[in-house]
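This report walks through one model, from its ligand contacts to its helices and ring pairs.

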Amino acid sequence: MSIRSHASTKPAKGAAQGFSAEAKKHLGQHFLHERGIIAKIVQAVNPQPGDRLVEIGPGQGAITFPLLDKHGELTVIEFDRDLIFPLTEAARAHGTLEVIHRDVLTVDFTALARGGAPLRLVGNLPYNLSSPILFHALDHAAAIRDMHFMLQKEVVDRMAAAPGSKVYGRLSVMLQAYCAVTPLFNVPPGAFRPPPKVDSAVVRLVPRTPDSIGIADPKRFTEVVRAAFGQRRKTLRNALSGVADGTMIEAAGLRPDARAEQIEVAGFVRLANIMPSLSMPT
Ligand code: SAM
């Protein structure tokens, strides 16, 4: 369902009062209320004329309305039916809001971007869905200009981790292969209602151009990274047995006795790229 709301009338006083006070835990609802943090997010996004902003999970509009005030128009994707009407009503005072009432994981960002500028995604994401949302966005990276997401700080640390770090893993390699990952600032639990049990952080992701990514076969790359980190304590030779042998690993310039957590992103790219040619009969 898609609902359009246009800023044609002045809102009734207290238009936002239709919001239910109760946050739904299963939808990861932690509503931002700290004005300073909201301002920092809007400042980080820094909307410019012509930008196509899409917010994932607008909730009660904490980021939505300031973005609308700044930019005038915005598309939001919200799953919670109870939030749609109050959000649409309250948005009239701020700008033109397009509401897509769907599970974000079913939204085709490529189709959404068609015929216009690439999308700028924004969102204080439901933390239980953050990895699926990140991987879904990666599937549509060519349609996305950048992303500014609030996530668990621990997830942002993993996304931005360097080889050798304890938290460097599949998420780090997959995201860094396709995007420039920049952690921006941390956010304490008290900035939300109800407060989550963990610290949060805002991160900027800028998808790389297909040329600069250099991955020949994305499916193969995903398989290699998954296999390598599936058994992160093992050596590459053992973790990748059945996928790549020692000769392939060496041909990619890597040591078969190294462990996945020591391999930089470019090493995984080389390994995945070399595999099809090496495994083809000559
Ligand atoms: N943006 C608001 C804020 O900062 O106060 C709300 C953020 S809250 C952490 C996450 C939001 O994502 C909620 O509004 C929730 O209903 C919505 N949400 C949860 N699962 C979703 C899904 N699968 N698709 C779209 N929205 C979802």
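A backbone N or O atom of L32 lies 2.8 Å from an oxygen atom of the ligand. The model is predicted: local features need pLDDT of at least 70, side-chain atom pairs count only at pLDDT 80 or more, and totals for chains, interfaces and linings use all residues. Residues are numbered from 1 along each chain as its sequence is written, and side-chain values use heavy atoms, with hydrogens and water left out.

**Ligand**

| Residue | Part of the residue | Ligand atom | Distance |
|---|---|---|---|
| L32 | backbone N or O atom | oxygen | 2.8 Å |
| E78 | side-chain N or O atom | oxygen | 2.6 Å |
| V104 | polar backbone atom | nitrogen | 2.9 Å |

Around the ligand there are 24 residues, of which Q29, L32, G57, E78 and N124 come nearest. A residue counts as near if one of its heavy atoms lies within 4 Å of the molecule or strand.

**Overall build**

The protein has 12 helices and 10 strands. These are DSSP runs, numbered from the N terminus: helices are H or I with at least four residues, strands are E with at least two. The C-alpha atoms fill a box of roughly 70 × 40 × 30 Å along the principal axes. Of the 282 residues, 48% count as buried. Buried means under 20% relative accessible area, exposed over 50%, and partly exposed in between (1.4 Å probe, protein chains only). Among contacts (heavy atoms within 4.5 Å) between residues at least 6 apart in sequence, 67% join residues at least 24 apart.

**Helix 2**

Helix 2 spans residues 64-71, and its T64, F65, L67, L68 and H71 are buried. Seen down the helix axis, these buried residues fall within an arc of 160 degrees, so they line one face. The arc is that of the directions from the helix axis to the C-beta atoms. D69 and K70 are exposed on the face turned away from the buried side. The cover over the buried residues includes helix 1 (35-45), strand 4 (73-77) and helix 3 (81-91). Just after helix 2, G72 takes a positive phi of about 90 degrees.

**Aromatic rings**

Rings of Phe, Tyr and Trp (its six-membered ring) pair if their centres lie within 6.5 Å; planes under 30 degrees apart count as stacked, over 60 as edge-to-face and the rest as tilted. The count comes to three aromatic pairs. Y178 and F221 have ring centres 6.2 Å apart and planes at 80 degrees, so the pair is edge-to-face. Y178 lies in helix 7 (residues 170-178) and F221 in helix 9 (residues 218-230), so the pair ties together parts 43 residues apart in sequence. Both Y178 and F221 are buried.

F229 and F268 form a tilted pair, 5.5 Å centre to centre with 35 degrees between the planes. F229 lies in helix 9 and F268 in helix 12 (residues 265-279), so this pair ties together parts 39 residues apart in sequence. F229 counts as buried at 10% relative accessibility. F268 is buried too, with a relative accessible area of 1%. Ring pairs link Y168, F229 and F268 into a cluster.

Notes: A polar contact is a pair of N or O atoms within 3.5 Å; within protein, one must be able to donate a hydrogen and the other to accept it, and residues adjacent in sequence count only if both atoms are side-chain atoms.
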